[in-house]
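The exercises below are to be worked with the sequence and the model side by side. Each task is followed by a solution that goes step by step.

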Amino acid sequence: MLEAIQSTVVQLASGIAWGKWLSAAVLLLLGLLIGSLVSRNVGRLVEKRTTRHHQAIIRRVFFYLVFIIFGMAALREAGFALEVVLGAAGILTVAIGFASQTSASNIISGLFLVMEKPFEIGDMIEVDATAGEVIAIDLLSVKIRTPDNLFVRVPNETLIKSRVVNRSRFPIRRIDLSVGIAYAEDVERVRDLLLGLAQQNAVCLEDPKPFVLVTGFGASSVDLQFSFWVPKDKFFEGRGGMMVAIKKTLDQQGIEIPFPHTSIYAGSHSAPFRVQLMGPEQQKDKDSPDVERDN
Amino acid sequence: MTDVTESQRDGVWAHPYQLASGQTQQHELGYTRLWVTLLDMEWQVRVQKLVPDTDPITWYETIGHTLPSGAISEQRFVRTGDNGMLRYIPAMAPLPTVIKPHQPLTIPAGATCVIYVGTTLWMKICVGDSASELMELPLATPSMTWLGRNTMQGELCYASATYGRLALEAVPKRPWRALTPVTIINRRQKSLLVERFSLPTPLLPVYRNDKGRLWTPGVTVESDTDMNSASLHIESSVTAAAGPCELIAPAREQMARGRRLVRAFDHIFG
């Protein structure tokens, strides 16, 4: 019995090509050693020039490169057909392709953006409720700096798919201010005052001409729209300065900008409301307080 | 070189004024009041905008020791070995100026007319023998406007309203304005309504005639059969009506030789 087992083991042992497996194992080991050596040296080379993140990536890439080369040699030595391995790599590529759909879409969107040029570096744009200055147009995304100095990364796909407002494309902008005046005021007089303000304002352009329109009869006021044009870099200065000037001028001229009004109308058939002034001696008649004092 | 102190005079363009250290030269010209102070190591310039009731006529200048109130901030310039000599050089507007006559003028078909247009000058303060420029300032606050086919394409210009006088004698003499004769030639079959046109002020040099009035070379505007464009041509010298003239300041920019400017007047040129 023991002899039968012994002979099977010897047969198995002699069947295995120990030489080939040994050399394959040696190659793998060699690959590990050389890979780590190379990666460490390359890492030291680029240490000064790149960030830690990049350095780690480079080290890993070189290690795996060297290891894969030695691994392939070891597999060949062990007698495996490399075609099978390459076939597996092909399937892997397809899987990676599916996974990187978004990135590919971003890259292609980026190319289209570069060709179409809806905005350039330095323009103020507004995307998806984020407004800011474009600081970089990269392969996968566009980087924006918001007015309060935050860094926003917008994927190119979003820019292609959704609406982008470029505030810096044209050299002049129109400012529309909404001014409400009391019903009692003379609209034409206010219009002349506002147009006079536009003429005095240094930032406001003479052409295209400023204008005043009555947009509606509001609940508490007559609503006017006062529009004038300014160079695009003077937008905030123009709007703020003009609003201050409007308030000052209307105050000076005694024109009322009304608060929301509610008129209480008792009706012609009802008696007027009774108003009674309370003197200090009548305060005793007031209701007792809700909370008892001596409790 | 004048060295008189504490007396009021008319200022003169491109005239060398000598200041001693500690003295201030005060000017009132156009809509601006100006103080230029010489100290041992620096120049100081103070500017104040005026809103006078009537159009200012003269250039009032005096050298003394009076300074304005502290409310007006000064600009300081380090002296680099100049001898305390000061010169004021005029300059035309740095952007093209859109001229709008107060009353639009109609020119019949085939007719020509000459309009005398005055534009506000910028003053350059230059020091030393080499006339190195310290700063420049407009003598009246310029008003801006947009000139273009639509709100997308065009350029920002200064705007100037003018009476568009046809008779030279009727044009008032102002030391802070330069006069440009604009010849408008209507080559169309119909009459031309001149509501506004663009004057290439950065390309105009400034001359002074023997009466002290500032002139620029004339500009010719020809409107052809095409209503929406007119060609502009700047003459090489001042018109003979100005009399003998000397060049005080060269143009800010030079146009490429032999090229005629074509400016689109668009639908606003009616």
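**Exercise 1.** Which order do the strands of the open sheet of 6 strands in chain B have, and with what pairing?

*Solution.* This is a predicted model, in which local features need pLDDT of at least 70 and side-chain atom pairs count only at pLDDT 80 or more, while totals for chains, interfaces and linings use all residues. Residues are numbered from 1 along each chain as its sequence is written, and chains are lettered from A and ligands numbered from 1 in the order in which they are written.

Strands (E, at least two residues) and helices (H or I, at least four residues) are DSSP runs, numbered from the N terminus, and two strands pair if DSSP finds at least two bridges between them. On that basis the order in chain B is 1-6-3-4-5-7, and the pairing is antiparallel. The edges are strand 1 (9-10) and strand 7 (74-78) of chain B, each of which pairs on one side only. Inside the order, strand 3 (residues 24-29) and strand 6 (residues 60-64) of chain B are joined in the antiparallel sense over 5 bridges, and B:His27 has B:Glu61 of strand 6 as its bridge partner.

**Exercise 2.** Describe the open sheet of 4 strands in chain B.

*Solution.* The order is 14-15-9-18 in chain B, with mixed pairing. Strand 14 and strand 18 (197-199) of chain B are the edge strands, each pairing on one side only. Strand 9 (residues 97-101) and strand 15 of chain B run parallel and are joined by 5 bridges, while B:Val98 stands opposite B:Ala159 in strand 15 of chain B.

**Exercise 3.** Identify what chain B brings to its contact with chain A.

*Solution.* Counting residues as in contact if their C-beta atoms, placed from the backbone, lie within 7 Å, one finds 9 residues from chain B and 10 residues from chain A. Strand 14 (143-147) and strand 15 (155-162) of chain B each supply at least two residues of the side that touches chain A, and strand 14 of chain B gives the most, with 4 residues.

**Exercise 4.** Check the span of helix 1 (residues 2-15) of chain A.

*Solution.* The expected span is 1.5 Å times one less than the number of residues. For the 14 residues of helix 1 of chain A this should be 20 Å, and the end C-alpha atoms are 20 Å apart, which agrees.

How values were computed: Contact = placed C-beta atoms within 7 Å.
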